[in-house]
Amino acid sequence: MASATKTYAVLLPESSAFDRRNLWGLGVFLRGEPRELVLDKAQADALRNKGFELKSKRPRPEITEGGD
Amino acid sequence: MATYRSGANSRLVLVKESPYNTPGSTGAIVPKASFTIPSSYERIQSDELVADPNPPQEAKGLYSGSGFQIVSPVTADSIGWLLYFFFGSYAKSGAAAPFEHTFKVAGTLPPTGTLEVGDTELTKYDQYNGLLPNSFGLSISKTSDLLKATVGLAGSGLRVLNGAAPIDAAPDSFGDKRHVLPAVQLKVDTVLTSYLTGVDLTISRTFTPLLDLDGELYGSDFDLGDYAVDCVVRGWLDASNTLRDLDDDAEHVVEIISPRPGDATRYLSVKFPECHIFDVESYNVGGDAPIEFSARIAPFYDDNADATSVLVTLENDIADYAAI
């Protein structure tokens, strides 16, 4: 069952109580180092709950080669 | 089409509760080798012998509140969350990771937890609320095994079954490289002695769980009891009687140490600050191996500075359990 996903820049903020967090299926987050991830809504909500900062990113327009 | 499953999509998440029966929104993955959920009703049956050949109707009884068991492969990184649940608190030293975490039985009630058993592919989640761990065991048989922790839990809380969404869609994970044939070493009176081929450690706490009636009537609390520690270590019998000579009627400080592969400064330590060591005169001989000798560690608390009979330490732990 596929659910709607979006691309986010996910940041463990400087004010976090943690230096690093290892999240199941998402990998390791280090404080101050944003990571770009594709998340579904439940995951995005769970990350916000944990104090992560999420900025949604617009999908990049597909680059097509000229001359077609 | 029927799908046959091996448990690969099953997920076990432990969530701290506050208050009782109310899980928070963030949890952590419990690495699992296996787990057992005793989701069984007791049935009220008549034991009268009656003339009627057909048995009378049974009544729905109480939920069984004991018998939850998790067997978890242990690394110095993955075990902290379970230790935290078992002991209920910990002491942390160091302002930033790596920390030193120490765990011992305190006189206060540990927080209750919710265990969520999920299948991530089917997106089905069952919650068992109001759990308290009542036994914690570490075992290893070096000849064939992982270092494993066995945690027994007693539950008297609600059950929220067949949910479509998990409590936490991105649970924390403390999992790391697993110890395959981990080194487990014995440290006696601050001197590292022999490598062990086996350890069986059990710490038991006594709680009196109350049983619940299908989510409508349930116990509001547990009685906090005492705890007991038992430990047997095994190693090869050698010419210098390394293990055998420890039975000398003297008081010892014994530590069982398992370092993380590749980093000897990060390790799990189980320390008995005061103990006697008894030769239990039990041997195992298997295949072409030497004789395996067993010694029983009998810990006690009299006057040691750690003020406990067993102290578990995660040295240079990179994980932090504070805010979860």
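Helices (H or I, at least four residues) and strands (E, at least two) are DSSP runs, numbered from the N terminus. The model is a predicted one, in which local features need pLDDT of at least 70 and side-chain atom pairs count only at pLDDT 80 or more, while totals for chains, interfaces and linings use all residues. Residues are numbered from 1 along each chain as its sequence is written, and chains are lettered from A and ligands numbered from 1 in the order in which they are written.

B:Asp245 is exposed, because 12 other C-beta atoms lie within 10 Å. The cut-offs are 20 or more other C-beta atoms within 10 Å for a buried residue, 12 or fewer for an exposed one, and in between for a partly exposed one, with C-beta atoms placed from the backbone. Although B:Asp245 and B:Ile277 are 32 residues apart along the chain, their C-alpha atoms are separated by 9.4 Å.

Chain B as a whole has one helix and 20 strands. Of its 324 residues, 39% count as buried. Two residues are in contact if their C-beta atoms, placed from the backbone, lie within 7 Å. Among the contacts in chain B with a separation of 6 or more, 69% are between residues 24 or more positions apart.

Some backbone details of chain B stand out. In the loop between β1 (10-17) and β2 (23-29) of chain B lies B:Pro19, and the peptide bond from B:Ser18 to B:Pro19 is cis, with omega near -5°. B:Asn162, in strand β12 (residues 159-163) of chain B, is not a glycine but has a positive phi of about 65°. B:Ala307, also not a glycine, has a positive phi of about 55°; its place is the loop between β19 (292-299) and β20 (311-317) of chain B. B:Asn162 is exposed, with 9 other C-beta atoms within 10 Å, and B:Ala307 is exposed, with 10.

The interior comes next. In soluble globular proteins, nonpolar side chains tend to be buried together. A nonpolar core is here a set of buried Ala, Val, Leu, Ile, Met, Phe, Trp, Tyr and Cys residues joined through C-beta atoms within 7 Å. The largest has 62 residues, and those with the most contacts inside it include B:Leu14, B:Trp81 and B:Val233. Helix α1 (residues 80-87) of chain B gives the largest share of this core, seven residues. Leaving aside residues up to four places away in sequence, B:Trp81 touches B:Leu14, B:Ala28, B:Phe174 and B:Tyr321. A second, separate core has 14 residues, among them A:Phe18, A:Phe29, A:Leu37 and A:Ala44.

Chain A contains an open sheet of three strands in the order β4-β1-β5, with antiparallel pairing. β4 (35-40) and β5 (53-57) of chain A are at the edges with a single partner strand each, so one side of each has no neighbour in the sheet. Strands count as paired if DSSP finds at least two bridges between them; strand β1 (residues 5-11) of chain A and β5(A) have five bridges. Within chain A, A:Val10 stands opposite A:Leu54 in β5(A). Helix α1 (residues 41-49) of chain A lies across β1, β4 and β5 of chain A, at about 125° to β4(A). For this angle, axes are lines fitted to C-alpha atoms, for helices over the stretch in contact, and angles run from 0 to 180 degrees between N-to-C directions.

The contact between the chains takes 17 residues from chain A and 18 residues from chain B.
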